[in-house]
4 protein chains.
Amino acid sequence: MKSTNAKRPGPILSTDYTAGAHPAVLRALIASNAENTPGYGSDHYCAEAAAKIRRACRAPKAEVFFLTGGTQTNALALDALLKPYEGVLAAETGHIAVHEAGAVEFTGHKVLTLPAKDGRIRADSIVAWCERFYADESYEHMVFPGVIYLSQPTEYGTLYSLEELTRIRAAADRFGLKIYADGARLAYALACPENDVQLPDLARLCDAFYIGGTKCGALFGEALVLPRPGLVPHFITIEKQHGAMLAKGRLLGVQFKRLFERDLYRQIGCYAVETAQKLRESLQAAGFEPAVSSPTNQIFFRVKPEIYRRLQEANIGGFWDYAPDGTVVVRFVCSWATRPEEPEQLCSLLKGDQT
Amino acid sequence: MKSTNAKRPGPILSTDYTAGAHPAVLRALIASNAENTPGYGSDHYCAEAAAKIRRACRAPKAEVFFLTGGTQTNALALDALLKPYEGVLAAETGHIAVHEAGAVEFTGHKVLTLPAKDGRIRADSIVAWCERFYADESYEHMVFPGVIYLSQPTEYGTLYSLEELTRIRAAADRFGLKIYADGARLAYALACPENDVQLPDLARLCDAFYIGGTKCGALFGEALVLPRPGLVPHFITIEKQHGAMLAKGRLLGVQFKRLFERDLYRQIGCYAVETAQKLRESLQAAGFEPAVSSPTNQIFFRVKPEIYRRLQEANIGGFWDYAPDGTVVVRFVCSWATRPEEPEQLCSLLKGDQT
Amino acid sequence: MKSTNAKRPGPILSTDYTAGAHPAVLRALIASNAENTPGYGSDHYCAEAAAKIRRACRAPKAEVFFLTGGTQTNALALDALLKPYEGVLAAETGHIAVHEAGAVEFTGHKVLTLPAKDGRIRADSIVAWCERFYADESYEHMVFPGVIYLSQPTEYGTLYSLEELTRIRAAADRFGLKIYADGARLAYALACPENDVQLPDLARLCDAFYIGGTKCGALFGEALVLPRPGLVPHFITIEKQHGAMLAKGRLLGVQFKRLFERDLYRQIGCYAVETAQKLRESLQAAGFEPAVSSPTNQIFFRVKPEIYRRLQEANIGGFWDYAPDGTVVVRFVCSWATRPEEPEQLCSLLKGDQT
Amino acid sequence: MKSTNAKRPGPILSTDYTAGAHPAVLRALIASNAENTPGYGSDHYCAEAAAKIRRACRAPKAEVFFLTGGTQTNALALDALLKPYEGVLAAETGHIAVHEAGAVEFTGHKVLTLPAKDGRIRADSIVAWCERFYADESYEHMVFPGVIYLSQPTEYGTLYSLEELTRIRAAADRFGLKIYADGARLAYALACPENDVQLPDLARLCDAFYIGGTKCGALFGEALVLPRPGLVPHFITIEKQHGAMLAKGRLLGVQFKRLFERDLYRQIGCYAVETAQKLRESLQAAGFEPAVSSPTNQIFFRVKPEIYRRLQEANIGGFWDYAPDGTVVVRFVCSWATRPEEPEQLCSLLKGDQT
């Protein structure tokens, strides 16, 4: 196997979960390894991590639950937030609508899709959808809207502005909806110069959101935040019922404690966003055209099919979509683990140096 | 926090998931940390770990899936094995029947309970249950038996013998049932001198079983084995649908690869079983009465209420049950992480040296 | 087919849903047949029927929903009453626990069984179960009790007394539980001389119950009563989601309006209970031994296997159970449709006149 | 109440389930009312009705199940046909996608919507959707297509031609899909002069379909046909689990036996389609513009808002949609119960005679 590895390195710039944990997080896991703690998240690490997250969110009474993955967190949180007769409003391109194998429907709830532009839905669309819903005299025979699902940043690397999020909150309040934000890549939103939605804003404007670990420096894990306590009674039991409770819950506590110490979560985000920004500029300078205007750690470029084939051979980036003009939209993703030589390698390849 | 820890160490002998990973497993995680691999278990570590498990099971075509926890694995595997109109036969004391918050029912299936003795059900009971079921003229209005759930070792630390398991297989074949074995603590069965059911026996006699990692030396994770390929088409998608797929699947591959290298899984089991055996002997020598005749890493003793209170104060062992005579059944659990001084500490306490 | 029918009449005394509708109910359906009404229960018949039921229950604000069958009503009502993490406490012999093909589990909820005597559970058992549940330090990992399921009369034709029901209410209040009563055969409880639980008592002591139509004179249909309005928001939508809403909802309204006019529901019950009582006396006089002391329209007798075979041949009564002494417990059921000659036919057969 | 009825008759031309049963069906129910039969569809009426349906479909081995309503039949049949990881492809305007309160999602399956024109999807769209699905390298993380849902006639009163249905079958075969046809209004398709898809075609080209009763002359009920036996083992148990099994199953058998005797089902369809055709012609002659070109018993016309208000006041027809030009699309529906004076009443109103 080693020789294979030597010849063909793993994928680069393809996504933000190809490596393990940020070294500092790994060290925290090593340091705590021999310690005995009680199970299921009732340990002191989880308590400390939750306290740090509450502080960062300026939500002193928030409930914080640590989970292992994004699809799991989405399906569990939405099932916990939705009433049985409610569905979740989401962008038609939202992760829950497309790439989670129907995990939301598996829990009995419909995903109600809204048109999206670069991954974002608009407060206007929500209002229009709800007005139309309640104007239908047979609305009691239809799935009620219950929660608005947003992702920050979106699957297209774009951001909701504080202004738009505030408008969405107003729409939610008007129609009695909750807001849930999927923060799988939240570090890369928080660290983005263009971003004006900080953790306290999310805690104020959302009913629930999660702070992504898996894609943001943790070995694995996500931190679900419910800013207002009591919203979901017996969440622990629902979590268990979903098979989502980790016996050694402290593993998650150890990681999130470290991520929220000494500014690590922000640093991880910054490095990736800056690296992505430099790569974006290099690619544009080389004449490539961005397919989406995304300011975070994911960038999307149009390339000709023959270039896409070379990228595939070199195991760099990943397929995103076919553009109507026959070009291929390729996604490049940066993370804490992106080595400086990786963007260089990509640029060289695109310039033809390696062929 | 540190001072707190200094004063009050974590729980000891209370269960087998209070510490992190076995040092060798942790080293494997550290060594692979910087490597980039593709996601969702499609990496070389998972491939290598699966190959090793197939070899150990002498099941060269077995499908192996890596999951993060026991309840998750049970609910997912049973949902994948059961037809919509089927339920799972289980000991009334089985983990899925009592301690998983209805995770099986959450997927729409009934747990059909059978009387159990020390955690075990008998082939005879299965036959009797099924005969009665099919003798009922309205059986089509009832939940069909579909899968037999066993745990090896059981929740009471006891074992199914090869003879009994063979009888259960015959009962299963007679009534068209599948067998699923919950191996959360499988290392401690495999390493037990009294045990005569080895991995190839499980692979031959069960339709699915899992090799526990979380409680057997891994940081976290379980390896689900389907010895006969093709039994569950598109398992990957069902796994995703359950929110059970880890993005960095390779974390599980790295761990199970190491556990099945250089005899580690057996060694972990042996150490814990031997430590438990010594403790059992010491307690019996000290005049305590075992509540269950369990030969693996869990031992159960009857103690007077006042002794139980002292154990609680010292954070040693755990409550199991009230015995009809007013005594308390306490469980002590050993693992790879049990330090030699822990059993000594317990014996001293029971002798009153520390009071 | 006709000749076949001539030779072999349908089953007699076997159950209370072998015939169509009570003639008066049928006439009401005929009378309303040509009328146009809006759908889904929003018609004037449903409104009038609900008003009559409210009056009979002395529950002026009760919500009343009309459904088509018992299993459907049980599964729907329990799903609507239970929180996601809750299960339903029921007699181990309860209809939902045994004969509904896992319809409750299909909606994601566990049936938590309690020991039963002649179909009844005791307030004491509920208290003991709940005390044990909340004493378990890991109760958050278990299915919470949410609703108590009772059947009145029970599957064994027995009755809850007002005293016992009041005790069960106290137990429910102590542990925050709701009470749901399955009244599939409620007419036969209400009409029973031994019964002291009337509709206003059910409305006062239960959170939900249904008034059976299918087995009590209707062509089909059940009336679910929620005495305190607002308990289940958007029940209509949950009903639709369960596929339980009848397009021509008025069919149910027409029937229940008539059942609650001119004392019909009580008369139907009285006739069946009296007929059963006479049959019971005849059988006892003939030396047969009752297996259950049931005062309603179902009676249970022990017979020798050869007599059971003759009953089978004559298509009279139905198998219930094997008694430990080798005899067969047979159930005979009376209804509004039981013709006077049917009990006579049974008695003749038992006396051997027909052989 | 009577005076109210006298003043304000029920809705007319609003839908096809506002009246009771066709008189012939009602007579069959009356004639069989006193007969005793065994329960749950195991009676001779259901056997005879199934035999007649098999004959009409030229599908001598077809399995036929009788159910009470359309949403129930759709949710049950789709749940029985779909594997757990599969969803159902449907027109975005399909009844299951919009008006069934998420009953399909309640069973855990996603509705995968396709663009529709006048209620119909095209074979081409199915092929394109599936090609795109299988071209996505992460398709295992998405909901697989499993069944194609069609309605014949559609919710817009339009029809699939035999040619298009044959093409859809070819698309289904290419991608391993099943076809399910919702025949809630099937009588009105079968009787339509433009229709070239007869029952034997449906039986040959679909894996399952239902013959609507509720909207086509029955008091209530639908007949689900599975042309090839063995496709869904233990359907009876799944039906019970869904709460969809009628205790007095014979009520459905009696009705469908009669509907398939002496050409009744066709006659019911013919009368409604002819009545609708005459009404369509009158409205067009009066200068109104059809919104959809629908040849069956539902017709859709654009009217000005003030006319719509008069229709509302007169309780005639029903709101369908707002057209982009500000007019209102109104639906008028004919059935066996439409009296000749109803279309006249509508025409008079539109001409202003009644104002």
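Trainee: How many residues does the contact take from chain B and from chain C?

Mentor: The contact takes 17 residues from each side, 17 of chain B and 17 of chain C. Keep in mind that this is a predicted model, where local features need pLDDT of at least 70, side-chain atom pairs count only at pLDDT 80 or more, and totals for chains, interfaces and linings use all residues. Residues are numbered from 1 along each chain as its sequence is written, while chains are lettered from A and ligands numbered from 1 in the order in which they are written.

Trainee: What makes two residues a contact?

Mentor: Their C-beta atoms, placed from the backbone, have to lie within 7 Å. By that test, 48 residues of chain A are in contact with 48 residues of chain B.

Trainee: Which elements of chain A give two or more residues to the side that touches chain B?

Mentor: They are α2 (23–32), α3 (44–57), α4 (70–81), α6 (103–106) and α11 (235–241). The largest share, four residues, comes from α4(A). Those labels are DSSP runs numbered from the N terminus: helices are H or I with at least four residues, strands are E with at least two.

Trainee: How many residues on that side of chain A are nonpolar, polar and charged?

Mentor: There are 23 nonpolar, 20 polar and five charged residues on the side of chain A that touches chain B. Ala, Val, Leu, Ile, Met, Phe, Trp, Tyr, Cys and Pro count as nonpolar, Asp, Glu, Lys and Arg as charged, and the others, Gly among them, as polar.

Trainee: How do you know that the copies A and B meet through the same surface?

Mentor: 100% of the interface residues of chain A are also interface residues in chain B, so the surface is the same.

Trainee: What about the two domains of chain A?

Mentor: An automatic or database assignment sets the bounds: domain 1 is 2–18 + 264–350 and domain 2 is 23–259. Between them, 19 residues of domain 1 are in contact with 21 residues of domain 2. On the domain 1 side, α13(A) gives the largest share, eight residues.
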